[in-house]
Amino acid sequence: MELSLSTSLPSFSFFLFFFLLVLSVSSEASRRKDEERASTPPRGWNSYDSFGWAVSEEEFLQNAEILSQKLHAQGYEYVVVDYLWYRRKVPGAYVDSLGFDVIDEWGRLIPDPVRWPSSRGGKGFTEVANKVHSMGLKFGIHIMRGISTQAVNAKTPILDTTTGSAYQESGRVWHAQEIGMKEKVCAWMRHGFMSVNTDLGAGKAFLRSLYQQYASWGVDFIKHDCVFGDDLNINEITYISEVLKELDRPILYSLSPGTSATPDMAKAVSGLSNSYRITGDDWDSWGDVASHFDVARDFSAAKMIGASGLLGTSWPDLDMLPLGYLTDPGSNEGPHRRCRLSLNEQRTQMTLWSMAKSPLMFGGDLRNIDDTTFSLITNPTLLEINSYSSNTVEFPYIHGSSSPRGRKHRRSGMYLTRVEEPEVEVFGLTSCKDPKASGWLVKELDQDLERICWKENMESRYGEPFCLYKRNSLIESDEEIMYGSQYQGALHLLASENAKYCLNASPRRKITSSEFTRGSFSRCTWNANQMWEFHGNGTLISSYSGLCAIMKKVKANAGAAGARSWIATGRSGEIYLAFFNLNPDDMVIAAEVSDLAKALPGQSITSCVGKEIWSGIDLGRPMNDTIATMVGSHDSALYVLNCN
């Protein structure tokens, strides 16, 4: 009896230890799952601005190591490999090439084993993620919409993750070509990717298998491209958000690109994601930087900054910071040049991104980061504002002097702006909930010919109204007949009666943040990007995105001139006040102390003390009238104020 008891104790101790271990792991997993996601704007490094799509495992991990050593203490924690990590870097392969991607037996993209050697043997990104995690960092990847054309052409079966075998429904196995929507290819990567039909069980099974695979690799952040802005795919975003909620692993969900994004458009996705782009691609040109002021103002005014998001918070994203050592857009080449922005312009960009509480994803090659760039992206005041400020809005109550070179300025509202501000009218997209979307009418020319016109300028003094000729979409193949029932009544819109070129909803190339989406035409095809539905309420709806067409007037040089200001409050009651000079000449920008309270509800301000951080100049005495400073061309000033 004593022998039996003594021999059973080790066994009992082992099982007790095992039980407690499982309980501990389960509790930790539950805690991480329930943790609020993106409570502050995400911060990290992305490979795109320095490597394009050509980054290798060695280069990626070298940058991750530097981020861990030099930037992690400042809150930079995500390292994200941007697009086409699955593409073989061989002759003939480029951004929109077909047939060079590596896919598994289920049609899912896996890393190119030449550039990512640790992925061999079906490991995917597991070993890379493990190394990133061992550095104390989090690992992210870029993905495109839906399913790859290569998988559709290969007719791969769909994985059912609940059985571990091919997905079956209605007594048969389903394949990639049955869930891919060939008429909904990504507008700017037409040979690469198309939407998945989320109305089908097989379509949902494919997307579920993707994200479960990413979670098994150890992915912490996903940048989902060609699903927002002009390329909005609300069905796919909605279903993926549901899948992410079910995973044991917390994954931040970021949407891209932001071409033509509006607050109304964003309200449909804010609660389904943790960040979403609100402009086209931002590169190192002053035009790109300046173009962000209006859109940042609009999203702040709509109270979208820090709104409720996917299991946490969501943040409007002004795009990566193209600073330091970079590549060129669309290049197959790695980093080979310095940032073209002046130091003033870099400072303005970093200040605006911080005040607007945008995610801060550094894009330069960290192996070549210089001291000036490092100091800028780790400035403690900017990072404090970015993470913890509140009540952050554009501050319109500013004024300024004439430029030293004698160019005349006038006030527009309270902004100092250039006199020369010609307007242009451009074609764009908006949420169909926007009241302005109901602005189209049909104008009959004869019994067989009609035009759709923007009624606001039918009596325009600027000349001919904006009109498009309507034509029923042509069906030319058996495959188009199969899809035709989904687009019954869809129209092609042409610039002239006999044209062979139809209006696209989304540009057929990636555009930068400073470019207007003026509406592009290309040869008419059976493609949802060229299909439109006209409704009796005056809306013209894109079959590609479900967004509504609109004509809007914009400044020809929007954001490129004038003075701007932003204001925010800090955790200890301090006030942050930023001045921005968008003009080509130095200028004095000023604000009245008594006006500060107009942007800060419930406060009454009579005097302030503090200093300007870039110059280090202290105000010296309590200011009870005007805060004013000379701001260089394309530069900024940032005050930290304590006010009574």
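**Questions on a predicted model**

Reader: How do you know that the side chain of His492 makes a polar contact with Thr525?

Author: The side chain reaches the backbone oxygen of Thr525 at 3.0 Å. The cut-off for a polar contact is within 3.5 Å, and this pair meets it.

Reader: Why is helix H14 called largely enclosed?

Author: In H14 (residues 380–388), 7 of the 9 residues are buried, so the rest of the structure largely encloses this helix. Among the buried ones are Leu382, Leu383 and Ile385, along with Glu384 and Asn386. The buried residues pack against several elements, including helix H12 (343–355), helix H13 (371–377) and strand S38 (636–643).

Reader: What makes Asn379 a cap for H14?

Author: A side-chain oxygen of Asn379 lies 3.0 Å from the backbone nitrogen of Thr381, at the N-terminal end of the helix.

Reader: Why are S4 and S9 said to stand at the edges of their sheet?

Author: The sheet is open, with 3 antiparallel strands in the order S4-S10-S9. Strands S4 (147–148) and S9 (180–185) each have a single partner strand, so one side of each lacks a neighbour in the sheet.

Reader: And how do you know that S9 pairs with S10?

Author: Pairing takes at least two bridges, and 3 bridges join S9 to S10 (residues 193–196). Met181, for instance, has Ser195 in S10 as its bridge partner.

Technical notes:
Residues are numbered from 1 along each chain as its sequence is written. This is a predicted model: local features need pLDDT of at least 70, side-chain atom pairs count only at pLDDT 80 or more; totals for chains, interfaces and linings use all residues. Side-chain values use heavy atoms; hydrogens and water are left out. A polar contact is a pair of N or O atoms within 3.5 Å; within protein, one must be able to donate a hydrogen and the other to accept it, and residues adjacent in sequence count only if both atoms are side-chain atoms. Helices (H or I, at least four residues) and strands (E, at least two) are DSSP runs, numbered from the N terminus. Buried means under 20% relative accessible area, exposed over 50%, partly exposed in between (1.4 Å probe, protein chains only). Contact means heavy atoms within 4.5 Å.
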